[in-house]
Amino acid sequence: MISLTNESIVLSDLEEGEGDVGEIEDDSILSHSVFSRNESFVERSSIERQTVNKFVDDRQPDYESSLKQNIQFDWWNDETLRIEPDSSHPYARLVTHWEELENKHTHGLLPVGGTLLMTEYKVVREALWMLQQPTSTFLFYVSDGGQVGVKPNISIPSLTPESLAQLLNESFCKYSEIILSLRNFIDDVNSGEIEDKRPPHTYQAYSAALQCQLNVFWQSICKLEKKIMIQESTNTLISVIEELRPEFEKLDFLFSLHKMSVCDWRTAQGWFACVKLLGHLYSAVCTSWKKEFTSISLELFIKSFRVYIQMIDSWFAEGKLLDDRSEFIVARYDEDLKIVAYNDVLKEMRKTEISSIFNTIINSSTDLECIRRLDEITALKTEVGKKHDLFNEFLIKVGDRFRKFKSEANNALEAENKQSPPNIETTIENNKKSESKPSLNFPAKEVDQMFYDLVTSKILESPWLLAAFKEYYPERKSNSEERLENIDSYRNFIETQTEDVTLCTLPVHHIVEDVLVSLITERGSIASKIMVEVLMDRYKLHQHLSILLGFFTLESSHIVPIFYNALFTKSLVNNSIEATENSLNILLDECVECFPGAESMNVQLSVTIEEPDSWSDTIIDSIEIDYKVDWPLTLVITKETMKTYNSIFKFLVHIKWALHSLHKLRFADIKETEENFTRLRLLYKLRLFLTHCVSTLHYYFLSFTPTHLRTKFEESLSRSHTLNNIITAHENYLEKLKVHCLLNKGNVLLKAVKQLLFMSSDLNKLWHKESTSELKFEEISELEEQYIRSHNVLNLLLKNAVELHPNPALQLLSMDIESCLPVWDNEIQDDLMP
């Protein structure tokens with residue numbers, strides 16, 4: 001810019017054919033002419049032709065030619081601009097011929113002519129300016145709604161105004177609108193800081209990443225404009241559009257991804273806007289089939305997700321969830337954490353690729369919150385303080401993983417060049433092919449030739465096949481073992497050199513996901529390690545679980561009988577509730593005192609009895625036993641687990657009660673006479689069969705399998721290094737116990753087993769009737785038939801269960817039940833018939 005008499009005269013390039021601009025040494029002149037278009041209009045309009053001419057006349061003669069060559073007058077203010085080409089070719093004056101033809105056919109009745117004519121050079125320059133700073137110019141207009149179009153009655157000599165408008169609308173106007181829309185979004189986010197509801201930090205990071213993408217696009221525009229200004233080659237509208245087509249494709253992809261990803265952050269919830277944005281960006285990383293598109297979406301995702309990574313870093317290092325704009329997937333309300341419904345949002349959008357990363361964050365945060373509530377943050381800071389910044393660590397690991405995929409094809413190409421001189425035509429042809437199709441960048445000699453031909457000819461043409469074969473891509477190792485010097489080198493590598501890595505499919509999202517998941521899990525494992533140590537050492541979790549298992553699974557055979565034997569003798573015999581809650585609680589206290597270390601752990605067992613709708617011989621099903629513990633033990637010993645423990649306890653006590661009822665039947669209670677000999681023989685036989693059957697069930701459910709399951713549970717508990725692992729191991733063990741006790745939903749064996757167990761009570765009644773000589777033959781016969789039927793049904797069901805789900809323990813039970821199948825004794829039946 002040259003300052004003359006306190007007025008600015010803007011340097012610009014000459015029109016085509018007016019002179020040689022020469023070499024441009026400073027890009028600042030170009031950038032000024034590109035980015036200060038609006039200011040230039042004001043400055044240019046303020047300069048009068050007379051002032052410039054007077055200035056030229058006052059100067060020395062050797063300055064006159066220089067000024068005429070470098071000063072561009074304000075032709076954009078000329079309402080009668082009509083530049084005729086200096087050419088004899090008929091198509092060079094197409095507009096003139098077209099107007100004459102229109103005038104001839106309309107016989108002068110319609111106004112024809114008046115078209116303003118520009119040089120094609122000026123049109124190209126105006127179009128390139130619009131791609132950088134969309135605003136109303138001599139050729140283009142920008143409406144209040146953001147629509148960009150071509151003004152009427154303006155053209156170049158070789159095109160009609162309609163043809164020029166159509167050409168520019170389909171190219172420059174369309175992408176100028178995109179640029180304007182993206183810039184408006186960026187300005188909207190940046191200006192939101194002064195409003196009541198500020199934009200999420202993730203949106204600010206995304207807008208900054210979007211601005212970087214626009215800067216890259218503008219750099220390519222500036223480079224092209226510099227080439228056009230030098231005028232070393234012929235540049236037409238068609239050639240410029242073709243040269244910009246790759247950039248237009250990127251801009252199309254960027255804008256379509258932007259429209260899908262963003263929403264109105266002023267009205268939407270912060271977490272919803274961020275989950276939608278990150279979900280779409282990461283999905284684009286996973287599904288993009290072109291390396292340029294993958295590079296764009298990867299850079300946008302990494303820069304946008306940085307806000308989440310920084311939140312995770314401060315949260316996992318200091319226990320502080322710094323989310324002042326409610327954009328994280330976890331929200332804190334007082335002392336409680338609330339997980340937002342991000343999975344529902346992702347499923348609704350069908351963009352669930354990022355769910356695994358979010359789930360890892362949630363799973364790793366459980367122990368962290370426990371540590372914060374236990375005031376163990378100091379220990380956490382000590383451990384995490386040895387680690388680096390999480391985002392920098394992420395960049396380093398991703399950069400290292402990317403560098404492994406650098407191609408070795410360059411080395412192979414250099415070796416070939418040393419052996420034979422390069423062929424220019426072949427090189428150009430290979431470059432064209434490499435630009436048109438992505439390459440897997442591994443030599444064909446390393447794989448089967450047929451497979452290589454299939455990959456290069458078929459798979460690379462289809463994004464679906466490309467995604468299907470991604471697991472087969474070999475990992476290329478870098479020849480260079482050097483490491484990048486600092487974190488800025490890694491950041492620049494990821495942001496500017498992602499296209500050098502073969503991103504045409506490459507498992508880029510696998511790399512990003514693996515690194516993120518491993519880093520988050522690693523940070524979470526620090527809190528988990530501290531949490532497990534606190535649970536085991538300070539709160540004696542292992543001892544609490546031992547008491548639970550020993551009592552509710554009846555493993556502590558020297559302790560639990562104190563409770564259930566008193567329950568049998570006091571409560572169940574006379575169908576009364578003599579064993580009240582107070583007396584049972586006293587018995588439970590006696591049982592607890594027998595467990596080692598129970599007093600120091602403040603173990604509290606309590607029982608409640610709900611009055612049943614109809615009384616039977618037992619009130620076992622009406623008993624609920626509660627094991628009272630404080631937080632954080634309630635994280636493992638929950639209300640749901642206590643329901644499972646109670647259901648298992650009741651089932652096992654039913655077996656104990658059945659065996660107890662049979663053992664009470666004494667032969668001395670019945671006097672043998674000639675009249676009751678045959679009835680006693682049948683009673684003894686029923687007692688024998690039932691005792692053997694119930695003893696078999698007792699051995700299977702209380703001795704054989706539970707011990708094996710307990711051993712496996714102890715092993716998994718010792719290998720658990722996180723709270724989630726402990727909870728999972730505990731729940732899995734209880735689930736296996738439920739299946740073992742036939743308590744899983746829809747198990748038909750449970751009803752058959754209970755029928756046999758309740759027969760012991762029926763036999764007990766008949767036994768007492770015989771002792772008072774009140775027993776009748778029909779009662780014995782009915783019970784015998786019922787037993788035979790129930791035993792056979794159980795045998796049949798066990799066989800079917802073993803066939804459907806082979807289980808060695810269940811198979812052994814089936815064999816034992818089958819070995820003692822009862823047979824109807826016809827001789828006894830004849831003797832007892834009246």
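Biologist: Where is the place of serine 355?

Modeller: Serine 355 is in helix α13. Bear in mind that this is a predicted model.

Biologist: Is serine 355 buried or exposed?

Modeller: Serine 355 has a relative accessible area of 9%, and the cut-off for buried is under 20%, so serine 355 is buried.

Biologist: What does serine 355 touch, not counting residues up to four places away in sequence?

Modeller: With those neighbours left out, serine 355 touches Asn343 and Leu346.

Biologist: Moving on to rings. How many aromatic pairs does a search of the whole structure find?

Modeller: The search finds 26 aromatic pairs. One of them is formed by phenylalanine 185 and tyrosine 206, edge-to-face, with 5.8 Å centre to centre and 70° between the planes.

Biologist: Which helices does that pair link?

Modeller: Phenylalanine 185 is in helix α7 (residues 161-191) and tyrosine 206 in helix α8 (residues 201-230). The two residues are 21 residues apart, and the pair links distant parts of the chain.

Biologist: Are phenylalanine 185 and tyrosine 206 buried or exposed?

Modeller: Both phenylalanine 185 and tyrosine 206 are buried. Phenylalanine 305 and tyrosine 308 also form an aromatic pair, this one tilted, at 5.7 Å centre to centre and 45° between the planes.

Biologist: Where do phenylalanine 305 and tyrosine 308 lie?

Modeller: Both lie in helix α11 (residues 291-318), 3 residues apart, which is about one turn of the helix. Phenylalanine 305 is buried because its relative accessible area is 1%, and tyrosine 308 counts as buried at 0%.

Biologist: Which cluster do ring pairs link Phe305 and Tyr308 into?

Modeller: The cluster consists of Tyr282, Phe301, Phe305, Tyr308, Trp315, Phe316, Phe328, Tyr342 and Phe358, linked by ring pairs.

Biologist: Which ring does the charged end of arginine 373 sit over?

Modeller: The charged end of arginine 373 sits over the ring of tryptophan 631, 4.0 Å from its centre.

Biologist: Now α15. What should its 14 residues span, and how far apart are the end C-alpha atoms?

Modeller: Helix α15 (residues 390-403) should span 20 Å at 1.5 Å a residue, and its end C-alpha atoms are 20 Å apart, so the two values agree.

Biologist: How many of the residues of α15 are buried?

Modeller: 10 of the 14 are buried, so α15 is largely enclosed by the rest of the structure. Among the buried residues are Glu393, Asp400 and Arg403, along with Phe391, Phe394 and Phe402.

Biologist: What does aspartate 389 reach at the start of α15?

Modeller: A side-chain oxygen of aspartate 389 comes to within 3.2 Å of the backbone nitrogen of phenylalanine 391.

Biologist: Loops next. Where is aspartate 375 found?

Modeller: Aspartate 375 is in the loop between α13 (355-373) and α14 (377-384). At 63% relative accessibility, aspartate 375 counts as exposed, the cut-off being over 50%. Its C-alpha atom is separated by 9.9 Å from that of glycine 319, which is 56 residues apart from aspartate 375 along the chain.

Biologist: And where is the place of threonine 267?

Modeller: Threonine 267 is in the loop between α9 (237-261) and α10 (270-287). Threonine 267 has a relative accessible area of 65%, so it is exposed. The C-alpha atoms of threonine 267 and lysine 197 are separated by 9.3 Å, with the two residues 70 residues apart along the chain.

Technical notes. Residues numbered from 1 in each chain as written. Predicted model: local features only at pLDDT ≥ 70, side-chain atom pairs only at ≥ 80, totals over all residues. Heavy atoms only, no water. Phe/Tyr/Trp six-rings, centres within 6.5 Å; stacked < 30°, edge-to-face > 60°. Helix = DSSP H or I, 4+ residues; strand = E, 2+ residues; numbered from the N terminus. Buried < 20%, exposed > 50% of the residue type's maximum accessible area, 1.4 Å probe, protein only. Lys NZ or Arg CZ within 6 Å of the ring centre and 35° of its normal. Expected span 1.5 Å × (residues − 1). Polar contact = N/O pair within 3.5 Å; in protein donor to acceptor, adjacent residues only side chain to side chain. Contact = heavy atoms within 4.5 Å.
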